[in-house]
Amino acid sequence: MRLKCNLLAVLLYVGILSGSAQDYETVQIGDQEWMKRNLNIITDSSFCYKNLPENCTIFGRLYNWETAMKVCPEGFRLPSDDDWSLLAESLGGLNVAGSRLMAGGDSGFDVLLGGNYNAVSNIFSYQFRNGYFWSSTSFSETAAWMRHFVNEKTNINRSTVKKHYFFSVRCIRD
């Protein structure tokens with residue numbers, strides 16, 4: 001099954017957001033409770049895609065790994081690589097869970113494809129095509145594990161990436 005990120009799903013996604021944990025709706029998937037939206041808490045080390053505030057309203061902010069490690073509100077934390085794996089397994093595994101987690105899927109998780117920002121090259125890229133999410137699991141001094149969703153794909157990609165990139169953050173309840 002191929003799933004397109006559509007405008008209706010994007011519009012339905014924009015609902016509740018301010019900056020405190022009680023303003024973020026959550027969704028229970030298996031034994032985990034996740035925020036239904038990407039984080040949008042302003043920090044010195046975060047960006048709106050292409051520096052446009054409307055992108056933060058829809059997609060949340062993009063954070064580097066160091067900031068992502070400490071930005072989740074009280075009672076929440078950045079999910080580990082194992083948390084992301086458990087989420088995927090709860091929905092049928094890495095090869096099929098992506099379509100169920102995307103906006104318009106049946107999980108209520110509602111991933112939107114917010115792109116990324118590369119601080120080294122100063123380039124924003126892939127909004128509407130790819131969604132990148134940090135995990136708290138470090139791979140090395142300069143890299144960490146992340147999850148990557150692609151428009152019209154059913155799977156979730158798992159890989160490591162340099163910590164200077166700026167990705168979306170989805171928090172999980174402690």
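Student: What should I know about the model before reading any value?

Tutor: This is a predicted model, in which local features need pLDDT of at least 70 and side-chain atom pairs count only at pLDDT 80 or more, while totals for chains, interfaces and linings use all residues. Residues are numbered from 1 along each chain as its sequence is written, and side-chain values use heavy atoms, with hydrogens and water left out.

Student: How many helices and strands does the protein chain have, and what makes a run count as one?

Tutor: The protein chain has 5 helices and 12 strands; these are DSSP runs numbered from the N terminus, helices being H or I with at least four residues and strands E with at least two.

Student: Why is the pair of Phe47 and Phe166 given its class?

Tutor: The ring centres of Phe47 and Phe166 are 5.0 Å apart and their planes stand at 75°, so the pair is edge-to-face. Phe47 belongs to strand β3 (residues 46-47) and Phe166 to strand β11 (residues 165-166), so the pair ties together parts that are 119 residues apart in sequence.

Student: Why are Ser125 and Ser159 labelled as they are?

Tutor: Ser125, which is found in strand β7 (residues 123-127), has a relative accessible area of 17% and is therefore buried. Ser159, in strand β10 (residues 157-162), has 28% and is therefore partly exposed.

Student: What does Ser159 touch, and what makes that a contact?

Tutor: Contact means heavy atoms within 4.5 Å. Leaving aside neighbours within four places in sequence, Ser159 is in contact with Ala144, Trp145 and Met146; with neighbours up to four places away likewise not counted, Ser125 touches Tyr49, Gly115 and Asn116.

Student: What makes the buried residues of helix α4 lie on one side?

Tutor: In α4 (residues 81-90) the buried residues are Asp81, Asp83, Trp84, Leu87 and Ala88. They cover an arc of only 165° around the axis, which puts them on the same side of α4, the arc being that of the directions from the helix axis to the C-beta atoms. On the other side of α4, Asp82 and Glu89 are exposed.

Student: What makes β8 and β9 paired strands?

Tutor: Two strands pair if DSSP finds at least two bridges between them, and 6 bridges join strand β8 (residues 130-138) to strand β9 (residues 143-150), the two running antiparallel. A hairpin joins β8 to β9 through 4 residues, and the bridge partner of Asn130 in β9 is Val150.

Student: How do you know that a charge sits over the ring of Trp65?

Tutor: The rule asks for NZ of Lys or CZ of Arg within 6 Å of the ring centre and within 35 degrees of the ring normal. The charged end of Lys163 sits over the ring of Trp65, 3.9 Å from its centre, and Arg158 lies over the face of Trp145, at 3.7 Å from the ring centre.

How values were computed. Rings of Phe, Tyr and Trp (its six-membered ring) pair if their centres lie within 6.5 Å; planes under 30 degrees apart count as stacked, over 60 as edge-to-face and the rest as tilted. Buried means under 20% relative accessible area, exposed over 50%, partly exposed in between (1.4 Å probe, protein chains only).
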